[in-house]
Amino acid sequence: MKPANATRLRVWPCGITEARIGVARWHRHLPKPPPGGIAAFVVDDPQRIPRGYALIGRPASRILAARGWVELTRCPTDGTPNACSALLGAASRWAKQRGTPIITYTLSTESGASLRAAGWVCAGASAGGQWGCASRRRALRPDTIAAPKLRWCPPWCAKLMRR
């Protein structure tokens, strides 16, 4: 049973541009939004005040992109309780309706509490780093974080990740 003071949140599809503006306003460590997206959602309160955004785009991993995956690239909120979990649930439902597996990443220093609350599971770790190798040096990009990350997906995608 919900407490009497619980805020009823609603998730709606929104435009990519609106979500990119929300990312620039609220994302903690990557305020520069990705250049585009495939789908976007906004979560708002009963007064229709936006409390967070989810932006879905192509995966950074070329392998996952070739396999038809999409990536939840950003999910910033203003700190409203349960806003992030509501957006994660909407992103998972959107992908499942389309038969498209979805993935997202967190820094290894983040707890992943909202992801677990939305039912997502940790599907392993990435090595981190940036796009470059010994044979093809590239300039370090200041708008990315090269630290190792944890990979998350909804349970219905977890088996696909192991392939």
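Let me start at leucine 9, which sits in the segment before strand 1 (10–13), where strands are DSSP runs of E with at least two residues, helices are runs of H or I with at least four, and both are numbered from the N terminus. What we are looking at is a predicted model, in which local features need pLDDT of at least 70 and side-chain atom pairs count only at pLDDT 80 or more, while totals for chains, interfaces and linings use all residues. Residues are numbered from 1 along each chain as its sequence is written, and side-chain values use heavy atoms, with hydrogens and water left out.

Leucine 9 is buried, with a relative accessible area of 15%; buried means under 20% relative accessible area, exposed means over 50%, and partly exposed is in between, with a 1.4 Å probe and protein chains only. If we leave aside neighbours within four places in sequence, leucine 9 is in contact with Val43, Asp44, Asp45, Thr80, Pro81, Asn82 and Ala83, contact being heavy atoms within 4.5 Å. One of these, asparagine 82, is 73 residues away along the chain, and its C-alpha atom is separated from that of leucine 9 by 8.1 Å.

Stepping back to the whole chain, there are 5 helices and 7 strands, and along the sequence they follow the pattern β-α-β-β-α-β-α-β-α-β-β-α. Of the 163 residues, 38% count as buried. Among contacts between residues at least 6 apart in sequence, 66% join residues at least 24 apart.

Now to the interior. A nonpolar core here is a set of buried Ala, Val, Leu, Ile, Met, Phe, Trp, Tyr and Cys residues joined through side-chain atoms within 4.5 Å. The largest such core has 28 residues, and those with the most contacts inside it are Phe41, Ile56, Trp69, Leu72, Trp94 and Ile102. Helix 3 gives the most to this core, with 8 residues. Tryptophan 94, for its part, is in contact with Ile38, Ala39, Phe41, Ile56 and Val70, again leaving aside neighbours within four places in sequence. Apart from this core lies another, of 6 residues, including Ala19, Ala40, Val42 and Tyr53.

Which residues does alanine 90 touch, not counting those up to four places away in sequence? They are Val11 and Phe41. Alanine 90 is in helix 3 (residues 83–98), and at 6% relative accessibility it counts as buried.

Finally, the charged pairs: the count comes to 4 salt bridges, each being a side-chain nitrogen of Lys or Arg within 4 Å of a carboxyl oxygen of Asp or Glu. Arginine 10 and aspartate 44 meet in one of them, at 3.5 Å from N to O. Arginine 10 lies in strand 1 and aspartate 44 in strand 2, so this pair ties together parts that are 34 residues apart in sequence. Arginine 10 is partly exposed at 30%, whereas aspartate 44 is buried at 4%.

Arginine 51 takes part in a salt bridge with aspartate 45, at 2.9 Å from N to O, and also forms one with aspartate 78, where the closest N and O atoms are 2.8 Å apart. Since arginine 51 lies in strand 3 and aspartate 78 in the loop between strand 4 and helix 3, the latter pair ties together parts that are 27 residues apart in sequence. Aspartate 45 counts as buried at 4% relative accessibility, while aspartate 78 is partly exposed at 31%.
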